[in-house]
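Open the structure in your viewer and keep the selection tool at hand. The tour goes from stop to stop, saying what to select and what is there.

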Amino acid sequence: MSVSELAAIKAMVYQHCGLLLEGIASERLSKAVQSNMIETACASLADYRQLISQNSDAFN
């Protein structure tokens, strides 16, 4: 995941729940996103971002 892609996900997390994720939290976020993409069968990060922006249950 590129730095800009991770930044976009971090911005979504901040908008959704007010958490700022930096340092180790960024690494954990990246791993969680990759795992969730597999679980939700999203072929790309764009697909995953669309899913979580449209379905708040998928965001958790």
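Start with Cys42: its sulfur lies 19 Å from the closest cysteine sulfur, in Cys17, too far for a bond. A disulfide here means a pair of cysteine sulfur atoms within 2.5 Å, and the structure holds zero of them. Cys42 is buried, with a relative accessible area of 13%, while Cys17, at 44%, counts as partly exposed. Buried means under 20% relative accessible area, exposed over 50% and partly exposed in between, with a 1.4 Å probe and protein chains only.

This is a predicted model, in which local features need pLDDT of at least 70 and side-chain atom pairs count only at pLDDT 80 or more, while totals for chains, interfaces and linings use all residues. Residues are numbered from 1 along each chain as its sequence is written, and side-chain values use heavy atoms, leaving out hydrogens and water.

Show Leu6, Ile9, Lys10 and Val13 of H1 with Ser26, Leu29, Ser30 and Val33 of H2, which make the contact (heavy atoms within 4.5 Å).

Finish at Ile9. Leaving aside residues up to four places away in sequence, Ile9 touches Leu29, Val33, Leu45, Arg49 and Ile52.

Methods. Helices (H or I, at least four residues) and strands (E, at least two) are DSSP runs, numbered from the N terminus.
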